[in-house]
Amino acid sequence: YYQKGLDIRLKVYGNKHAVLANSYTQLASVYIEEAKYDLALEYYQKSYDLRLTIYGKDHLLVINSWAAIANVYVALGDYGRALQHLTEAIEARTRLTKGEPQMMIASYYSRVGRIHIAMARYKEAQECFAKSFEIMENFSERERDLPEYYSNMGDLSLAVGKVKEAKEYYLKSLELSTKIHAQDNKSMISPLTSLAKACIVQKI
């Protein structure tokens, strides 16, 4: 359906209209779900290129494209390029908000931290999670994002061999997730899985 929609929009608007960027993004999302990451990257890149031409560098839609492309690079294991795109996204959003804290920037720092863990760069991961938490402290709605923060800290602790500390973080994440998503069992899967992992490692 998304491909048909794209074909129709190409006929109606030509290949330089902003509406096409949405179609490219929708197709890329489908390819992500199908684990066809090369195709996802191709269509996210098309969306980015078109938005950059239309809106310029410091536009929210262009920044969103950077972040989306970063996700694909993570899936492909290309952490260097993922970091590059997320760093650009952070810098651009910071310029747009004139340095004011923003929850999305906190989310970007969290994602960068997870990439650093995957690259065994634990000091850098710690710094990113600290920046993320510092930004979240400015917002009353931070409660929804704290479970992810504690889960990330658990992953970091586990990666450096601090299993007991990891379990404490995972328990905090699970406790908060339970309060926030009491009716959503899917939201419990990540903290439960992480907690189980820590328990298994400790037994080993």
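On one side of helix H7, Lys123 and Glu134 are exposed. The buried residues of H7 are Ala125, Cys128, Phe129, Ser132, Ile135 and Met136. The model is a predicted one.

What do the buried residues of H7 pack against? Their partners are helix H6, residues 103-118, and helix H8, residues 146-159. Take H6 first. The axes of H6 and H7 come within 8 Å and cross at roughly 165°. Angles over 145 degrees count as roughly antiparallel. H6 and H7 are therefore roughly antiparallel to each other. The crossing is left-handed.

From H6 come Met103, Ile105, Ala106, Tyr109, Ser110, Val112, Gly113, Arg114, His116 and Ile117. They meet Tyr122, Glu124, Ala125, Cys128, Phe129, Lys131, Ser132, Ile135 and Met136 in H7. Among these H7 residues, Ala125, Cys128, Phe129, Ser132, Ile135 and Met136 are also buried.

Two residues show this region in detail. Histidine 116 lies in H6. Its relative accessible area is 7%, so histidine 116 is buried. Beyond residues up to four places away in sequence, histidine 116 touches Leu83, Arg121, Glu124, Ala125 and Cys128.

Asparagine 152 belongs to H8. Is this residue buried or exposed? With 3% relative accessibility, asparagine 152 counts as buried. Neighbours within four places in sequence aside, asparagine 152 is in contact with Ser110, Arg114, Ile117 and Phe129. Ser110, Arg114 and Ile117 are H6 residues that take part in the meeting with H7, and Phe129 is one of the H7 residues there.

Now step back to the chain. How many helices and strands does the chain hold? There are 10 helices and 0 strands. From the N terminus on, the order of elements is α-α-α-α-α-α-α-α-α-α. The chain has 204 residues, and 39% of them count as buried. Take contacts between residues at least 6 apart in sequence: 52% of these join residues at least 24 apart.

At 1.5 Å a residue, the 15 residues of H2 should span 21 Å. The end C-alpha atoms of H2 are 22 Å apart, which agrees. In H2 the buried residues are Val19, Leu20, Ala21, Ser23, Tyr24, Leu27, Ala28 and Tyr31. Just after H2, alanine 35 takes a positive phi of about 60°.

The axes of H2 and H3 come within 8 Å, and they cross at roughly 160°. That makes H2 roughly antiparallel to H3. This crossing is left-handed. Among the H2 residues that meet H3 are Leu20, Ala21, Tyr24, Leu27, Ala28 and Tyr31. On the H3 side the residues include Tyr37, Leu39, Ala40, Tyr43, Tyr44, Leu50 and Arg51.

Tyrosine 37 itself is in H3. Its relative accessible area of 26% makes tyrosine 37 partly exposed. Tyrosine 37 is in contact with Ile32, Val72, Ala75 and Leu76, leaving aside neighbours within four places in sequence.

H4 covers residues 60-76. At 1.5 Å a residue, its 17 residues should span 24 Å; the end C-alpha atoms are 25 Å apart, which agrees. Which residues of H4 are buried? They are Val62, Ile63, Ser65, Trp66, Ala67, Ala68, Ile69, Ala70, Val72 and Tyr73. These pack against helix H2 (19-33), helix H3 (37-55), helix H5 (79-96) and H6. Just after H4, glycine 77 has a positive phi of about 80°.

Technical notes: Residues are numbered from 1 along each chain as its sequence is written. This is a predicted model: local features need pLDDT of at least 70, side-chain atom pairs count only at pLDDT 80 or more; totals for chains, interfaces and linings use all residues. Side-chain values use heavy atoms; hydrogens and water are left out. Buried means under 20% relative accessible area, exposed over 50%, partly exposed in between (1.4 Å probe, protein chains only). Helices (H or I, at least four residues) and strands (E, at least two) are DSSP runs, numbered from the N terminus. Contact means heavy atoms within 4.5 Å. The expected span of a helix is 1.5 Å times one less than its number of residues. Axes are lines fitted to C-alpha atoms, for helices over the stretch in contact, and angles run from 0 to 180 degrees between N-to-C directions. Angles under 35 degrees count as roughly parallel, over 145 as roughly antiparallel, 65 to 115 as roughly perpendicular and the rest as oblique. A crossing is left-handed if the near helix is turned anticlockwise from the far one by less than a right angle, and right-handed if clockwise.
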